[in-house]
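Reader: I would like to learn how to read a structure like this one feature by feature, with the general idea first and the particular case after it. Could we start with the charged side chains?

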Amino acid sequence: MAYNDMPTFTTQIPCEFDRNYFLKIEDDGRVAYAYLLEGEDTIGDVWLYNRQEAPAISFWRTEDMPFLNPTEYLAKEAAIKPISAESEIRCEWTESLDDGLIEVGIYIRDKFIASVASGSKPGWSVLVAKDGPLALVY
């Protein structure tokens, strides 16, 4: 199936206790990311999964955004079935008592996949084997 034929998926999930925060998940048919939004501002992001084959090397070109996560960063079990419906996503929202920072745990089909917090660019993922520019090891 060609890239243009791949189904895409986008959704916004509001924070349960502060409607100024949202988690936006975008799967463009190549790669999926989660973005933590405060109002209109993106305050955190994390790579969720590749749909296309992971590149063998890191080669970051602006025209390739959003970036696929290269093989060198991926955990062996990094393959995940793409999201096809909002019902497959569950978010666990928390607010730090110390500094008020918002954090959201992202579950896909009830499996914890990633976490993103205010100011985390990138956030954390269980699907990476080493810290990289798109996700940190959870």
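Author: A salt bridge here is a side-chain nitrogen of Lys or Arg within 4 Å of a carboxyl oxygen of Asp or Glu. Please keep in mind throughout that this is a predicted model. With that cut-off, Glu92 and Arg90 form a salt bridge, their closest N and O atoms being 2.7 Å apart. Glu92 is partly exposed, with a relative accessible area of 39%, and Arg90 is also partly exposed, at 32%.

Reader: How many salt bridges does the model contain by this rule, and which residues do shared partners join into one network?

Author: The count comes to nine salt bridges, and those that share partners join Arg61, Glu63 and Asp64 into one network. Within that group, the side chains of Arg61 and Asp64 meet at 3.0 Å, N to O; Arg61 counts as partly exposed at 35% relative accessibility, and Asp64 as partly exposed at 24%. A further pair is Asp28 with Arg30, where the closest N and O atoms are 3.6 Å apart.

Reader: Let us turn to the strands; in what order do the four strands of the open sheet lie?

Author: In general, strands of a sheet pair through backbone hydrogen bonds, either parallel or antiparallel. Here four strands form an open sheet in the order S1-S2-S3-S4, and the pairing is antiparallel. Strand S1 (9-14) and strand S4 (41-50) are the edge strands, each pairing on one side only, and the twist from one strand to the next averages 15°. Inside this sheet, seven bridges join strand S2 (residues 21-27) to strand S3 (residues 31-38), and Lys24 has Tyr35 of S3 as its bridge partner.

Reader: And how do strands S5 and S6 pair?

Author: Strand S5 (residues 89-95) and strand S6 (residues 102-108) pair in the antiparallel sense over seven bridges, with Ile106 of S6 as the bridge partner of Cys91. Six residues lie between the strands of this hairpin, and Gly100 takes a positive phi near 75° there.

Reader: Which residues touch the most other members of the largest nonpolar core?

Author: The largest nonpolar core has 37 residues, and those touching the most other members are Leu23, Ile25, Val46, Trp47, Leu48, Trp93 and Ile106. Strands S1, S2, S3, S4, S5, S6 and S7 each supply at least two residues of this core.

Reader: Finally, is Tyr138 buried or exposed, and what does Tyr138 touch?

Author: Tyr138 lies in the segment after strand S9 (136-137) and counts as exposed, because its relative accessibility is 57%. Leaving out residues up to four places away in sequence, Tyr138 touches Phe112, Ser115, Trp124, Ser125 and Val126.

Note on methods: Residues are numbered from 1 along each chain as its sequence is written. This is a predicted model: local features need pLDDT of at least 70, side-chain atom pairs count only at pLDDT 80 or more; totals for chains, interfaces and linings use all residues. Side-chain values use heavy atoms; hydrogens and water are left out. Two strands pair if DSSP finds at least two bridges between them. Axes are lines fitted to C-alpha atoms, for helices over the stretch in contact, and angles run from 0 to 180 degrees between N-to-C directions. Buried means under 20% relative accessible area, exposed over 50%, partly exposed in between (1.4 Å probe, protein chains only). Contact means heavy atoms within 4.5 Å. A nonpolar core is a set of buried Ala, Val, Leu, Ile, Met, Phe, Trp, Tyr and Cys residues joined through side-chain atoms within 4.5 Å.
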